[in-house]
Amino acid sequence: MSRINASVLWDYFKKISDTKKALCTLCGEEYSFATTTGNLKAHLKKKHKAAFSAVAEAQEQARYNDRGNRSVIYEYVVVPSPTSSVNESTTTECTKANLQSRESLSEKRSKLSQEGKDTSKENRLIEELTEEKIRIANLQKELIEKEMEEKNLKITLLQDEMNHKKLLYELEKYEIEHRKQEIKHKKQINDLSKQEMLLKIEVLNATLSNSR
């Protein structure tokens with residue numbers, strides 16, 4: 001792959017410093033390019049069809065431009081010198097051929113220039129699309145992070161609510177136990193009062209018996 005063709009790939013990859021690896025700007029995967037960039041192109045072909053098509057078209061356009069630049073060299077016709085021995089008709093034909101060649105050369109240059117502009121515009125659009133995709137991915141990441149924060153906050157609130165309910169339950173349990181103890185204590189007091197009354201009755205009966 002020529003240097004011109006390979007350079008188109010770097011619209012979609014970023015070299016990692018101090019390594020022979022490149023980072024795909026579309027998906028973030030790393031690939032080696034120590035000996036060739038073929039695996040970079042293979043990655044685009046497998047994972048990013050649209051980008052691969054754009055690279056292939058740009059490379060084909062570069063090859064076409066290269067062939068066009070070489071071909072126009074052979075279309076130039078030299079105008080014979082006025083001092084040459086050719087006749088006037090031959091000179092006129094050569095002049096016409098020279099003018100046609102120049103017009104053809106000018107048209108090809110204009111066409112190549114326009115095609116180059118179109119390719120440059122297409123590359124800019126691809127770059128803008130890539131940047132937009134990265135921006136959308138970052139926004140989606142931020143949205144997911146915010147959703148996770150909200151979920152964590154809800155979980156924390158639920159845990160606090162559960163702890164509060166647990167505390168209320170423990171408090172109610174303590175109050176019930178306290179009431180049980182209070183009832184038990186009152187019962188003991190009543191039993192003591194009852195025993196005291198019985199004892200007084202016995203003493204009274206004994207006193208009455210003795211008085212008789």
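**Entry 1. Salt bridges**

I counted salt bridges in this predicted model, taking a salt bridge as a side-chain nitrogen of Lys or Arg within 4 Å of a carboxyl oxygen of Asp or Glu. Because the model is predicted, local features need pLDDT of at least 70 and side-chain atom pairs count only at pLDDT 80 or more, while totals for chains, interfaces and linings use all residues.

I looked up Glu-132 and Arg-135, whose side chains meet in a salt bridge at 2.5 Å, N to O. Both residues lie in helix 4, three residues apart, which is about one turn of the helix. Here helices are DSSP runs of H or I with at least four residues, strands are DSSP runs of E with at least two, and both are numbered from the N terminus. Glu-132 is partly exposed at a relative accessible area of 33%, and Arg-135 is partly exposed at 43%. For these classes I used under 20% relative accessible area for buried, over 50% for exposed, and partly exposed in between, with a 1.4 Å probe and protein chains only.

I then looked up Lys-165, which forms a salt bridge with Glu-161, the closest N and O atoms being 3.6 Å apart. Lys-165 and Glu-161 are separated by about one helical turn, because they are four residues apart in helix 4. Lys-165 is partly exposed at 48% relative accessibility, and Glu-161 is partly exposed at 39%.

I also recorded the salt bridge of Glu-196 with Lys-200, where the closest N and O atoms are 3.8 Å apart. Glu-196 and Lys-200 are four residues apart in helix 4, so about one helical turn separates them. Glu-196 counts as partly exposed, at 44% relative accessibility.

**Entry 2. A nonpolar patch**

I found a nonpolar surface patch formed by Leu-168, Leu-171 and Tyr-174, with about 320 Å² of accessible area together. Patches are made of residues with over 30% relative accessible area and no salt bridge; like charges are joined within 9 Å, and nonpolar side chains (Val, Leu, Ile, Met, Phe, Trp, Tyr) within 5 Å. Accessible areas come from the Shrake-Rupley method with a 1.4 Å probe, and for residues only the protein chains shown count as cover. Leu-171 lies in helix 4, which spans residues 88–211. Leu-171 is partly exposed, with a relative accessible area of 45%.

I traced an open sheet of three strands in the order 1-2-3, with antiparallel pairing. Strands pair if DSSP finds at least two bridges between them. The edge strands are strand 1 (13–15) and strand 3 (30–32), each pairing on one side only. From one strand to the next the twist averages 35°. Helix 2 (residues 38–47) packs on the sheet and touches strand 1, strand 2 and strand 3; its direction makes about 145° with that of strand 3. Contact means heavy atoms within 4.5 Å. Axes are lines fitted to C-alpha atoms, for helices over the stretch in contact, and angles run from 0 to 180 degrees between N-to-C directions.

Strand 2 (residues 21–24) is joined to strand 1 by three bridges, and Phe-13 stands opposite Cys-24 in strand 2. Three bridges also join strand 2 to strand 3, and Ala-22 stands opposite Tyr-31 in strand 3.

I asked which residues lie on each face of strand 2. Ala-22 and Cys-24 are on the covered face, and Lys-21 and Leu-23 are on the uncovered one. In a regular strand the side chains alternate between the two faces of the sheet.

**Entry 3. The hairpin turns**

Strand 1 and strand 2 form a hairpin with five residues between them. Most residues other than glycine have a negative phi. Asp-18 is exposed, with a relative accessible area of 84%. Strand 2 and strand 3 form a hairpin with five residues between them, and Gly-28 in that turn has a positive phi of about 85°.

**Entry 4. The whole chain**

I recorded four helices and three strands in the chain, in the pattern α-β-β-β-α-α-α along the sequence. Buried residues make up 15% of the 212 residues. The accessible surface of the chain comes to about 17300 Å², of which 56% belongs to carbon and sulfur atoms.

Key
Residues are numbered from 1 along each chain as its sequence is written. Side-chain values use heavy atoms; hydrogens and water are left out.
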